[in-house]
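Please read them with the coordinates open.

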Amino acid sequence: MKVGIAVKPKTPIDVIYPLADKIDLCLVMTVEPGFGGQKFMHDCMPKVKELRKKFPKLDIEVDGGLALDTIEEAAKAGANVIVAGSSIFSSDNPNEVISYFREKVNTELDGC
Ligand SMILES: O=C(CO)[C@H](O)[C@H](O)COP(=O)(O)O
């Protein structure tokens, strides 16, 4: 079994610290939960950075507004699990979008 915790944009990231050694993944929401097509919230990135620094092995997921123009910022912050809807389903070439996301994330992971 794998365990994950999701954190909404306004929730401070330190709420998960007491549970960090019990979880496999932390989802840092980069939009308010509810529906697709919202704008990526850049101000959630410090939470991802902090988490990555503190827990190098943790899977860190981001969800909301991930697209060709936001993936690099999320990957550089330390996200390694990407949830995307609009940018994939609105693309003429979803495979290319996914490959691009993969490349950006893997490039940052290789640098660790
Ligand atoms: O449902 C969501 C939020 O609750 C997700 O953000 C959504 O599924 C991802 O979609 P998009 O890539 O369009 O932001």
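1. Strand β2 (residues 25–29) is mostly covered, with five of its five residues buried; buried here means under 20% relative accessible area, exposed over 50%, and partly exposed in between, with a 1.4 Å probe and protein chains only. Helices (H or I, at least four residues) and strands (E, at least two) are DSSP runs, numbered from the N terminus. This is a predicted model, in which local features need pLDDT of at least 70 and side-chain atom pairs count only at pLDDT 80 or more, while totals for chains, interfaces and linings use all residues. Residues are numbered from 1 along each chain as its sequence is written, and side-chain values use heavy atoms, with hydrogens and water left out.

2. In a regular strand the side chains alternate between the two faces of the sheet. From β2, Leu-25, Leu-27 and Met-29 point one way and Cys-26 and Val-28 the other way, and all are buried.

3. Which strands pair with β2? Strand β1 (residues 4–7) runs parallel to β2 and is joined to it by four bridges, with Leu-27 as the bridge partner of Ala-6. Strand β3 (residues 59–63) also pairs with β2 in the parallel sense, over five bridges, and there Ile-60 is the bridge partner of Cys-26. Two strands are taken to pair if DSSP finds at least two bridges between them.

4. Together, β2, helix α1 (residues 45–54) and β3 make a right-handed β-α-β unit, meaning that, with the strands pointing away from the viewer, the path from the first strand over the helix to the second runs clockwise.

5. Within α1, the residues Met-45, Lys-47, Val-48, Leu-51 and Arg-52 are buried. Seen down the axis of α1, its buried residues fall within an arc of 155°, so they line one face of the helix; the arc is that of the directions from the helix axis to the C-beta atoms. Lys-49 and Lys-53, on the other side of α1, are exposed. The cover over the buried residues of α1 includes β1, β2, β3 and α2 (71–77), where contact means heavy atoms within 4.5 Å.

6. For helix α4 (residues 94–110), the buried residues are Val-97, Phe-101, Lys-104 and Val-105. They cover an arc of only 90° around the axis, which puts them on the same side of α4, and they pack against α2, β4 (81–83) and α3 (86–89). On the other side of α4, Asn-95, Glu-96, Arg-102 and Asp-110 are exposed.
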